[in-house]
Amino acid sequence: MRTVIQRVVESSVAVAPQEGMERSEVIGKIGKGMMVLVGIEAADDDTDIAWLSKKIVNLRIFDDAQGVMNLSIKDAGGDILLISQFTLQAATAKGNRPSYIKAAPPAIAIPIYEKFIKQLENDLGKKIQTGRFGADMKVNIVNDGPVTILIDSKNRE
């Protein structure tokens, strides 16, 4: 699993209008917290989910009283907006057209994504906001800092 984590002042995700709708519908919205994009590959499993979830909720990227990034999202009382993004699994070594061969197909990715949501909620101790898997989404991000962290469960640096 590959993630891009952004510390945000606020973030939201809207899905493109469906038939009969005039405009996009906001389906997830947070204030202070983390907007997390996740790319799932077929080799991901429960160990990736558990490791990555604990890493995210304990990542100390929020300022303490002295202005030092020393607090986790749990300590800061922030929220999480999680959005599935298969393009994070892009391979770009050859040519100029990315290959998404490593990205898990929906039949594999959806159950992993749903388990990841439950694990994050369990580790954070509250409900998180999400996008809609496979939907055309518009993401609004007000990055705080900016602070952007990349974490790959297959490359645990």
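This is a predicted model: local features need pLDDT of at least 70, side-chain atom pairs count only at pLDDT 80 or more; totals for chains, interfaces and linings use all residues.
Trainee: Which strand does β1 join through 12 bridges?

Mentor: That partner is strand β8, residues 137-152, and the two run antiparallel. Within this pairing, Arg 2 stands opposite Asp 152.

Trainee: How many bridges link β1 to β3?

Mentor: There are 7 bridges between β1 and β3, residues 33-39, again in the antiparallel sense.

Trainee: Changing topic: what span does helix α3 have?

Mentor: Helix α3 comprises 19 residues, 106-124, and reaches 26 Å from its first C-alpha to its last. That is close to the 27 Å expected at 1.5 Å a residue.

Trainee: Which residues of α3 are buried?

Mentor: The buried residues are Ala 109, Ile 112, Tyr 113, Phe 116, Ile 117, Leu 120, Asp 123 and Leu 124. They cover an arc of only 150 degrees around the axis, which puts them on the same side of α3.

Trainee: Why would residues three or four places apart point the same way?

Mentor: An α-helix has 3.6 residues a turn, so residues at that spacing point the same way.

Trainee: What do the buried residues of α3 pack against?

Mentor: They pack against β3, α1 (46-58), α2 (73-76), β6 (79-84) and β7 (129-130).

Trainee: Which residues are exposed on the other side of α3?

Mentor: Ala 107, Lys 118 and Asn 122 are exposed there.

Trainee: What comes just after α3?

Mentor: Gly 125 follows the helix and takes a positive phi of about 85 degrees.

Trainee: Now the aromatic residues. How many aromatic pairs are there?

Mentor: The count comes to 2 aromatic pairs. In one of them, Phe 86 and Tyr 100 have ring centres 5.1 Å apart and planes at 70 degrees, so the pair is edge-to-face.

Trainee: Where do Phe 86 and Tyr 100 lie?

Mentor: Both Phe 86 and Tyr 100 lie in the loop between β6 and α3, so their pair ties together parts that are 14 residues apart in sequence. Phe 86 counts as partly exposed at 47% relative accessibility, and Tyr 100 counts as partly exposed at 34%.

Trainee: What is the geometry of the pair of Tyr 113 and Phe 133?

Mentor: Tyr 113 and Phe 133 form a tilted pair, 5.8 Å centre to centre with 50 degrees between the planes. Tyr 113 lies in helix α3 and Phe 133 in the loop between β7 and β8, so this pair ties together parts that are 20 residues apart in sequence.

Trainee: Is Tyr 113 buried or exposed?

Mentor: Tyr 113 counts as buried, at 4% relative accessibility. Its partner Phe 133 is partly exposed, with a relative accessible area of 26%.

Methods
Residues are numbered from 1 along each chain as its sequence is written. Side-chain values use heavy atoms; hydrogens and water are left out. Two strands pair if DSSP finds at least two bridges between them. Helices (H or I, at least four residues) and strands (E, at least two) are DSSP runs, numbered from the N terminus. The expected span of a helix is 1.5 Å times one less than its number of residues. Buried means under 20% relative accessible area, exposed over 50%, partly exposed in between (1.4 Å probe, protein chains only). The arc is that of the directions from the helix axis to the C-beta atoms. Contact means heavy atoms within 4.5 Å. Rings of Phe, Tyr and Trp (its six-membered ring) pair if their centres lie within 6.5 Å; planes under 30 degrees apart count as stacked, over 60 as edge-to-face and the rest as tilted.
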